[in-house]
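User: I am new to reading structures, and I would like to learn how to go through one feature by feature. Could you show me where to begin?

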Amino acid sequence: MFKRRRRAKYCVFCANDSTLDYKDEAAVKKYISDRGKILPRRATGNCAKHQRMVAGTVKRARQIALVPFVAE
């Protein structure tokens, strides 16, 4: 049997020198699962520094009700 090699994941923020804004609802939703939870690093491919930034941004967007705390 053949083993499939997965493509290496990379941090999008390090590659593009960009940031994530809590007011950009579509961009924030990319980092939230269908249940409303923040996706882990192994799923997003972010580095530790930018994963902390993503978590803070998602939490800030939740506080001002741009994205839901839980999905129903």
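Analyst: A residue is called buried when its relative accessible area is under 20%, exposed when over 50%, and partly exposed in between, using a 1.4 Å probe and protein chains only. In the protein chain, 28% of the 72 residues count as buried. This is a predicted model, in which local features need pLDDT of at least 70, side-chain atom pairs count only at pLDDT 80 or more, and totals for chains, interfaces and linings use all residues. Residues are numbered from 1 along each chain as its sequence is written, and side-chain values use heavy atoms, with hydrogens and water left out.

User: How many helices and strands does the protein chain have?

Analyst: Helices (H or I, at least four residues) and strands (E, at least two) are DSSP runs, numbered from the N terminus. The protein chain has four helices and zero strands, giving the pattern α-α-α-α along the sequence.

User: Which residues make up the largest nonpolar core?

Analyst: In soluble globular proteins, nonpolar side chains tend to be buried together. A nonpolar core is a set of buried Ala, Val, Leu, Ile, Met, Phe, Trp, Tyr and Cys residues joined through side-chain atoms within 4.5 Å. Here the largest one has 11 residues, among them Phe13, Leu20, Tyr31 and Val54. Helix H2 (25–29) and helix H4 (48–63) are the elements that give two or more residues to this core, and H4 provides the largest share, three residues.

User: What does Phe13 touch?

Analyst: Contact means heavy atoms within 4.5 Å. Leaving aside residues up to four places away in sequence, Phe13 touches residues including Leu20, Tyr31, His50 and Val54.
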